[in-house]
Every structure is written in structure tokens, then in C-alpha cells.
Amino acid sequence: MFTTGSKWFFGLAAAAFVGALVYGGATAPDEVSLSTFTGVLTFGYKGAVGDHVGYAVLMGLAGAGVFLGATTAAFRDADVDAGAQLLQRDTVPEVVAPPQGSYWPVIAAFGVGFVTVGLVAGQALVLLGLAVLAAATFEWAISAWAEKATGDDAVNRAIRRRVMLPVEVPVLGLLGVAVFVLSMSRILLALPQGGVYALFALVPVLVLVAAFVLAAKPRINPQVVAVLCVVGALAVLAGGVISASVGPREIEPHHAEEEGEGEHEGARPVDPGAPVVVPGQPR
């Protein structure tokens, strides 16, 4: 009765529906009572619902899951007999497995984690999780489409690069620069003054050593370079997160500001109507 695709969509709809009930009841202004349950079950008609935006998003996701599940079940998704009947053949062609695994489901799982934590921590994490989910879903859909564009894997990869590289390169570049600048600013504000000097001395040395190694071994495995770049990026990101949680160090005020404030505090107030006396001139 239920096809493979419909099971996934119905499961997503059930999870979103339960999430909407819990979120709508947890964010309600009143204490939990019978009207809370009736409110989230009747879309607010017989009771109160908390945050309408989050409740509507989760309910919309549940409705979309039910619709897609019913559609795939009606059209017999992944049913071999239905496919053979549609193609007017005795058997359907053998399914070709994808040439390599996709990492977009893992990234989408991180997006779900951000949304879940953001429901408790704050709205910023919810928005970040939704952005990660939207990007992962879009990339995953494009990859799935490109893998079945032709029967040649090399041509499929070329099609995907031609479609997605003009979008991925500038977006990922901007995100990388923004995350790097933000993380480094948090690190520099959290480190003591001596640590800042040490960091400024260490980073150029590391960049110089890395450039020397890459120049000395031009045929180095690209995967090794990619792994080193990812490790470095994760180290900077982790340092920025930890520094942001610790907070900035205590910064002493500048001496000039202290002197200026002292002079300002020691000056006597001047009457705007008092005559101006110039030294050496008669009054």
C-alpha cells in the first residue's frame, strides 16, 4: 500500500505535526491546560497557540508531507510492476547505484540540529538552521537530478558543475570570508595582549610554511590539501565560537582619553553671558 517514497514523506509529516503541537503549546503565554491542547489541535480556534510563525511553518511542512506522500503512493513510486507497465515492457531496466555518496543529508541534519537548539536558545539559530536546510535541500535535489541526466557519470558531473559552480563559488566565498573575519575578531578580543602578539606572529609563519610545502611539492594529493584547509577552517571556527562564549577581555582605556576626561572633569562651568578677557588688552 505504502511505497518507499510515501513512507518517507508520511514520516516527515508526522514529525512536523508533532513538532507543531509541542512548539505551539510550549510557546503559549498561558499555563498548560485543556485549552492548550484544543488550541494546537484546532489551529487556534478552540484555544491559544503560542508563536504563530513557527507553528504555521511546522503545520505547513506537515501538510506538504501528507500531500507528497499521497502523491507518491497514488503514482506507485518505486513499484517495479507499475514501472514496467508504464514502459510497456516485461521488466524494467536495472537500477544504477549512484557513483558516490552524498554529504548533503549530513549537512541537512546539522540544519535540523540548529533549528532544534534555536527553539530554546534564540531566533538567530532557528534562522541559521532554516537557511542550512534550504541550501542542503536545493543542493541535494540538483545532485540527484544531475546523477540521472545521462548514462555517463563524467558527463553528469560536468553538467552539475556547469549549473552550480556559478552559484556555489561566490556564495561560499562570501560566507567563508564573513565567518573567518567574525571568528578572528572574536578570538582577538578574547585573547590577552600577549596572545594577540603571538597569534599575529604565528599565523604568517604557518602561511609561509604551507606555501613553501605546496611550492616544493606541486603534485601533492589534492585531497590532502582539502583536508588541511577543512581542518584549519574548523579550528578558526571553533576558536571563534569558544571566544564568543568566553567574552572579550577587559580593555584598559586609552591614556589620552583619561587625560581628556580628567581635564573635562576639572574645568569649571563658564557663564555664557560673561565678558571675554584677552590678555594684554584693556577691559
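**Figure 1. Salt bridges in the predicted model.** The model shown here is predicted, and its salt bridges come to 2 in count. One of them pairs Glu139 with Arg160, with 2.7 Å between the closest N and O atoms. This pair links distant parts of the chain, since Glu139 belongs to helix H6 and Arg160 to helix H7, 21 residues apart. Arg160 also forms a salt bridge with Glu168, and here the closest N and O atoms are 2.9 Å apart. Through shared partners, the salt bridges join Glu139, Arg160 and Glu168 into one network. Arg160 counts as buried because its relative accessibility, 18%, is under the cut-off of 20%. Glu168 counts as buried as well, at 13% relative accessibility.

**Figure 2. Helix H7 and its bend.** Helix H7 covers residues 153-190. At 1.5 Å a residue, a straight helix of 38 residues would span 56 Å, but the end C-alpha atoms of H7 are only 49 Å apart. Where does H7 bend? The bend, about 55°, is at Met164, and a proline, Pro166, follows within four residues. Met164 is one of the buried residues of H7, which also include Asn156, Met184 and Ile187. Arg160 and Glu168, which form a salt bridge with each other, are likewise on the list of buried residues in H7.

**Figure 3. Ser183 in helix H7.** Ser183 lies in helix H7. With a relative accessible area of 6%, Ser183 is buried, so it falls under the 20% cut-off. Which residues does Ser183 touch, not counting those up to four places away in sequence? The residues in question are Val236, Leu237 and Gly240.

**Figure 4. Helix H1 and its buried residues.** Helix H1 runs over residues 4-26. Its 23 residues should span 33 Å at 1.5 Å a residue, and its end C-alpha atoms are 33 Å apart, so the two values agree. Among the buried residues of H1 are Gly5, Ser6, Phe9, Ala13 and Ala16. Ala20, Tyr23, Gly24 and Gly25 are also buried in this helix.

**Figure 5. The largest nonpolar core.** Which residues make up the largest nonpolar core? This core has 5 residues in all: Ala20, Val40, Val49, Tyr55 and Met59. In soluble globular proteins, nonpolar side chains tend to be buried together. Ala20 is also one of the buried residues of helix H1.

**Figure 6. Val40 in helix H2.** Val40 has its place in helix H2, residues 34-41. It counts as buried because its relative accessibility is 5%, under the 20% cut-off. Leaving aside neighbours within four places in sequence, Val40 is in contact with Leu21, Gly24, Gly25 and Ala48, and also with Val49, Tyr55 and Met59. Val40 and Leu21 are 19 residues apart in sequence, while their C-alpha atoms are 5.5 Å apart in space.

**Figure 7. Ala131 in helix H6.** Ala131 is found in helix H6, which covers residues 123-147. With a relative accessible area of 43%, Ala131 is partly exposed. Ala131 and Phe114 are 17 residues apart in sequence, and 10.0 Å separates their C-alpha atoms.

**Figure 8. Pro248 in a loop.** Pro248 sits in the loop between helix H9 (222-246) and helix H10 (255-266). It counts as exposed because its relative accessibility, 61%, is over 50%. Which residues is Pro248 in contact with, leaving aside its neighbours within four places in sequence? The contacts are Leu189 and Ala190. Leu189 and Pro248 are 59 residues apart along the chain, and their C-alpha atoms are separated by 4.8 Å.

**Figure 9. The protein as a whole.** The secondary structure comes to 10 helices and 0 strands. Of the 283 residues in the protein, 18% are buried. Among contacts between residues at least 6 apart in sequence, 53% join residues at least 24 apart. The protein exposes about 21,300 Å², and carbon and sulfur atoms supply 70% of this area.

Definitions and conventions
Residues are numbered from 1 along each chain as its sequence is written. This is a predicted model: local features need pLDDT of at least 70, side-chain atom pairs count only at pLDDT 80 or more; totals for chains, interfaces and linings use all residues. Side-chain values use heavy atoms; hydrogens and water are left out. A nonpolar core is a set of buried Ala, Val, Leu, Ile, Met, Phe, Trp, Tyr and Cys residues joined through side-chain atoms within 4.5 Å. Buried means under 20% relative accessible area, exposed over 50%, partly exposed in between (1.4 Å probe, protein chains only). Helices (H or I, at least four residues) and strands (E, at least two) are DSSP runs, numbered from the N terminus. Contact means heavy atoms within 4.5 Å. Accessible areas come from the Shrake-Rupley method with a 1.4 Å probe; for residues, only the protein chains shown count as cover. The expected span of a helix is 1.5 Å times one less than its number of residues. The bend at a residue is the angle between axes fitted to the seven residues ending there and the seven starting there. A salt bridge is a side-chain nitrogen of Lys or Arg within 4 Å of a carboxyl oxygen of Asp or Glu.
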